[in-house]
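Subject: Structure for your review

Hello,

The structure is below, followed by notes on what was found in it. Please read the notes with the coordinates open.

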Amino acid sequence: MSRVCPVYKHGDRADIGKYRPVSIINNFSKAFETLLQNRLKLNISMQLSDNQHGFVKGRSTVTNLSCISQVITEAIDIGSQVDVIYTDLSKAFDRLRQSIFPTVTMES
């Protein structure tokens, strides 16, 4: 179990839609989550493509841009075609219908 607290995002503070729920968990759960994350990271990191830049330490949108620029330049040099699809899921969970989640009582 955890305590859920609203965190203000932006806009009208009176609008409940401008807040996101954040779960406050106990220390044991935090430690377990860290151990689990480290264990999963070891197993998953070997399966990630070298082209993966999101959520990888030492890589970012800048390193991704550098790599794709190199690919495009090489393709242009040999008269080839390059197709790219970028997705941004950073707001995906802000757009979920709130009615699918159970009602949570918030403590003040």
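Ser60 caps the N-terminal end of α2, with a side-chain oxygen 3.1 Å from the backbone nitrogen of Val62. This is a predicted model, in which local features need pLDDT of at least 70 and side-chain atom pairs count only at pLDDT 80 or more, while totals for chains, interfaces and linings use all residues. Residues are numbered from 1 along each chain as its sequence is written, and side-chain values use heavy atoms, leaving out hydrogens and water.

Helix α2 covers residues 61-78 and has 18 residues (helices are DSSP runs of H or I, at least four residues; strands are runs of E, at least two; both are numbered from the N terminus). From first C-alpha to last, α2 reaches 26 Å, close to the 26 Å expected at 1.5 Å a residue (1.5 Å times one less than the number of residues). Gly79 follows α2 and has a positive phi, near 75°.

The whole structure holds 2 aromatic pairs (ring centres of Phe, Tyr or Trp, the last by its six-membered ring, within 6.5 Å; planes under 30 degrees apart are stacked, over 60 edge-to-face, the rest tilted). Tyr8 and Tyr19 are edge-to-face, because their planes stand at 65°, with centres 5.6 Å apart. Tyr8 lies in strand β1 (residues 3-8) and Tyr19 in strand β2 (residues 19-24), 11 residues apart. Phe28 and Phe32 are stacked, since their planes are at 15°, with centres 6.5 Å apart. Both belong to helix α1 (residues 27-45), 4 residues apart, about one helical turn.

Regards

Methods
A polar contact is a pair of N or O atoms within 3.5 Å; within protein, one must be able to donate a hydrogen and the other to accept it, and residues adjacent in sequence count only if both atoms are side-chain atoms.
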